[in-house]
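Please open the structure in a viewer and keep the selection panel at hand.

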Amino acid sequence: MKPNFRIVRSPAPGWFSALIPLLAIVVTFMITSVFIIIAGANPFEAYYYFLISPLTSKVGILEVLVKSTPLLLTGAAVTIAFASGYWNIGAEGQLYAGAVAAAWLGTALIGVPQPVAVLIMLIGGFIAGMLWALVPAILKVKLAVDEVVTTLLMNYVALFFVSALLNGPWRDPVSNWPQSPTILANTMMPKLLPPARLHFGFIIGILAVATVWFILSRTGLGLRMRSVGMGQEAARFMGVKVGRTMFITALISGGIAGLAGVTEVAGIHFHLIDAISPGYGYSGIIAATLGNLNPIGAGAASLFLGLISTGSQAVSRSLGVPSFLGDVVQSTLLLVTLAMFLLRNYTLRRVE
Amino acid sequence: MDAVQMVGITKQFGPLTANNKVDFELKKGEVHALLGENGAGKTTLMRILYGLYKPDFGEIRVNGKPVQINSPKDAIDNGIGMVSQHFTLVLPLTVAENVVLGFNPGMTLDPKQVNKTVEEAAKKFGIDVHPTALVRHLSVGERQRVEILKALYRNISVLILDEPTAVLVPQEVDMLFATLNRLRESGLSVIFISHKLYEVMTISDRITVLRDGKCIGTVNKKDTNERALARMMVGRDTFGVQRDSEPCSGKPLLKVQNISAMDKKGLLALKDVSLEVCEGEILGVAGVSGNGQAELASVLSGTLKPESGKVMLGDLEITHLDPASISKAGVGRIPEDRHAGVVGEMTVAENLALERLDDFLKNGMLDRKKIKDHAEAMIKEYQIKATPSIQTRKLSGGNMQKVILARALFTQPHMIIASQPTRGLDIGATEYVRHKLIEQRERGAAVLLISEDLEEVRSLSDRIAVIYEGRIVGILPCSDATEELLGLLMSGAREMANEA
């Protein structure tokens with residue numbers, strides 16, 4: 001008799017969960033190959049440039065770390081929010097708020113020694129991100145307004161606000177371009193390995209991931225956050241103050257996202273521009289999801305996304321394909337991983 | 001020849017064997033009870049017969065002929081109908097429309113004709129329903145009759161009823177049994193799934209007992225008794241919970257005064273409710289599901305703010321306290337829905353610590369050793385089959401309930417609010433929970449037991465309050481609370497109850 005297979009609802013074994021990232025990459029490769037072939041390149045060669053070539057040189061590796069710095073921060077910000085059941089889609093706007101604070105402090109902290117100045121920049125960016133997260137958080141807790149909508153809309157407010165600043169009061173008086181004046185040297189993130197671009201912000205990113213991990217898994221606040229994220233009704237029954245916990249979560253998340261704005265202004269661009277973020281806030285959502293809302297996983301995913309982002313430039317340079325293939329790969333990877341998280345709940349079983 | 005024969009039915013769900021080589025025979029014109037604890041495999045076996053599951057092994061014969069039943073449609077074609085615990089009626093449609101839904105030949109529907117045929121069918125089977133009534137206006141008992149008529153209308157000869165009495169008040173149970181007796185006389189075969197012994201002994205001709213997925217045996221009612229059936233069901237003698245029934249002599253601890261509260265839909269669910277629970281007393285709250293019990297428990301647990309009224313715990317007013325403060329004030333709470341009482345994705349240890357988290361923190365940091373030690377102690381004391389680090393959702397219902405029990409009781413609360421504490425548990429776990437509640441009473445705690453299980457309320461309570469449509473319609477000492485009287489009160493028949 002012909003063997004017959006049936007899909008049954010039962011969780012996949014643990015080893016499969018561990019294999020998900022690898023499998024997701026393989027499936028993503030197969031899907032995106034189609035686009036790479038349409039773009040006129042050899043998929044294997046393209047993937048060599050995507051995933052391998054950045055890691056073959058010191059310069060490449062450092063560049064991967066540079067690219068992953070803002071993602072470590074937005075990834076950590078989104079992870080702590082999502083793990084606590086607060087769907088903060090606004091990391092992008094909070095990043096811009098942090099960037100505005102950094103651009104302002106960066107011209108105001110005249111004569112402050114660099115360690116102090118950098119610290120003030122970081123604190124300022126954190127507060128700015130918190131403030132940008134404040135309105136949706138209040139609306140959520142007091143009036144139960146869906147934070148997915150409000151945090152998302154606040155992103156556009158932030159973008160237009162920055163645009164207004166750059167085309168108005170902050171327009172560079174020297175070049176007359178829509179960019180803020182260059183920040184003072186003492187407010188810049190120190191370079192870790194000069195002359196490479198890698199800067200102190202990377203350390204901040206790693207620290208943010210570690211801190212989020214510590215909060216979530218080792219503190220009372222973190223346990224309360226997770227209980228709200230995983231079972232709000234039960235958490236409330238057990239006496240957790242759900243609204244207050246969400247409020248604190250929203251502010252921490254916004255603050256961490258604000259730090260990403262600081263590191264980009266003070267570590268890479270040295271002034272505020274319209275395009276300070278090519279969607280790092282949204283990529284943070286991808287990183288958090290790929291990491292299955294585990295901070296360490298999100299950190300690893302951020303590094304991986306940094307690799308793809310660096311690799312996509314290498315692909316485009318070497319094979320002449322559009323560099324936004326990197327975005328295509330990122331997005332496909334997200335969808336495939338999400339699908340696999342779903343499939344994890346099913347098992348294929350043989351029946352006679 | 002048997003109406004239905006199931007031979008060697010085996011069904012596995014993952015590692016769990018729900019049915020293990022089960023044989024089952026149904027004679028024509030008999031009411032055959034399928035008896036067993038929760039999880040014994042009764043419903044699985046009947047879902048196989050009704051085509052909802054496919055057996056891994058085994059054969060089904062209808063009127064002696066082997067048949068393949070792959071879907072409920074196949075089952076109906078073979079004359080088998082089923083009424084499940086959760087009704088599948090379309091609420092805004094009329095009774096007649098529901099009955100013919102999916103069984104109406106052709107594309108058009110003539111309402112007059114439909115009403116007439118359904119009325120004739122109702123008359124023929126002796127089922128008392130009004131074809132033109134909207135289903136959403138009907139009581140649970142009436143809806144069940146519609147479900148039965150719906151099955152009969154499809155010309156079936158075998159009717160499966162899955163725990164039909166679970167949702168009914170005693171008077172409705174009597175009506176159901178009267179209906180079943182009429183159907184039996186007209187030659188229909190009925191399979192009656194239940195875990196209630198006295199019902200089985202009342203209505204059935206023969207009884208098949210399942211335990212752990214295996215068929216323990218089939219007996220004639222006249223050759224057996226409740227005790228023998230209980231032994232077959234659990235594999236050992238069960239002993240009812242014993243307790244002394246002295247009247248309460250303690251002072252009132254919980255005083256609920258004129259509480260009114262809204263439900264989630266914004267309708268008044270509690271209307272001017274007042275009651276007192278004394279120290280060393282169990283006050284049972286009996287009532288049919290959905291008469292305000294859930295809201296009463298929520299108000300007392302701090303998860304629902306009442307519109308008016310006052311709740312006093314001794315001299316402390318707890319009306320507007322949040323759940324954490326109520327818990328700290330010495331109230332142990334067992335929630336109605338245990339899945340809303342623990343966070344399934346979190347570990348047993350985390351769930352045991354969360355309610356009193358401040359006691360398990362060192363400078364805001366989790367004291368992981370203390371949390372783990374506490375969990376180990378609770379697991380031992382309450383005989384929970386679990387480890388501290390296992391995800392709580394992986395536990396069985398009984399063990400999950402023990403986690404909640406441990407969390408509610410380890411602080412030695414003065415007051416315990418237990419809402420449906422044994423719902424869905426098997427006999428072993430049920431007995432355990434009931435013993436624990438009695439233990440609290442002996443210790444001098446006041447216990448408010450909200451339950452839809454009349455047997456439970458009657459066997460545990462010192463006094464019984466009956467709730468009907470959000471009002472307390474009577475509070476009586478347990479000794480006066482006969483099942484008939486409670487049933488009358490629970491169904492809102494206040495005058496009749498007063499006469500009785």
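The stops below go from domains to an interface, then to a sheet and a helix pair.

This is a predicted model, in which local features need pLDDT of at least 70 and side-chain atom pairs count only at pLDDT 80 or more, while totals for chains, interfaces and linings use all residues. Residues are numbered from 1 along each chain as its sequence is written, and chains are lettered from A and ligands numbered from 1 in the order in which they are written.

**Domains of chain B**

Select residues 4-234 of chain B for domain 1, then 252-499 for domain 2; these bounds come from an automatic or database domain assignment. The C-alpha centres of the two domains are 34 Å apart. Eight residues of domain 1 and nine residues of domain 2 form the contact between them, where contact requires C-beta atoms, placed from the backbone, within 7 Å. On the domain 1 side, four residues are nonpolar, three polar and one charged. Here Ala, Val, Leu, Ile, Met, Phe, Trp, Tyr, Cys and Pro count as nonpolar, Asp, Glu, Lys and Arg as charged, and the others, Gly among them, as polar.

**Interface of chains A and B**

Next, display both chains: 23 residues of chain B touch 20 residues of chain A. Which elements of chain B give two or more residues to this side? They are helix H10 (323-328), helix H11 (348-354) and strand E18 (365-366). H10(B) gives the most, with three residues. Helices (H or I, at least four residues) and strands (E, at least two) are DSSP runs numbered from the N terminus. The chain B side comprises twelve nonpolar, seven polar and four charged residues.

**A sheet in chain B**

Now select the six strands of the open, mixed sheet of chain B, in the order E6-E7-E8-E3-E9-E10; strands pair if DSSP finds at least two bridges between them. E6 (80-83) and E10 (214-220) of chain B are the edge strands, each with a single partner, so one side of each has no neighbour in the sheet. Strand E9 (206-211) of chain B runs antiparallel to E10(B), joined by six bridges. Within this pair, centre the view on Arg211(B), whose bridge partner is Lys214(B).

**A helix pair in chain A**

Finally, select H11 (280-290) and H13 (325-343) of chain A, whose axes come within 10 Å and cross at roughly 35 degrees. Axes are lines fitted to C-alpha atoms, for helices over the stretch in contact, with angles from 0 to 180 degrees between N-to-C directions. Ser283(A), Ile286(A), Thr289(A) and Leu290(A) of H11(A) meet Gln330(A), Leu334(A), Thr337(A) and Leu338(A) of H13(A). These contact residues divide into four nonpolar, four polar and no charged.

Notes. Two residues are in contact if their C-beta atoms, placed from the backbone, lie within 7 Å.
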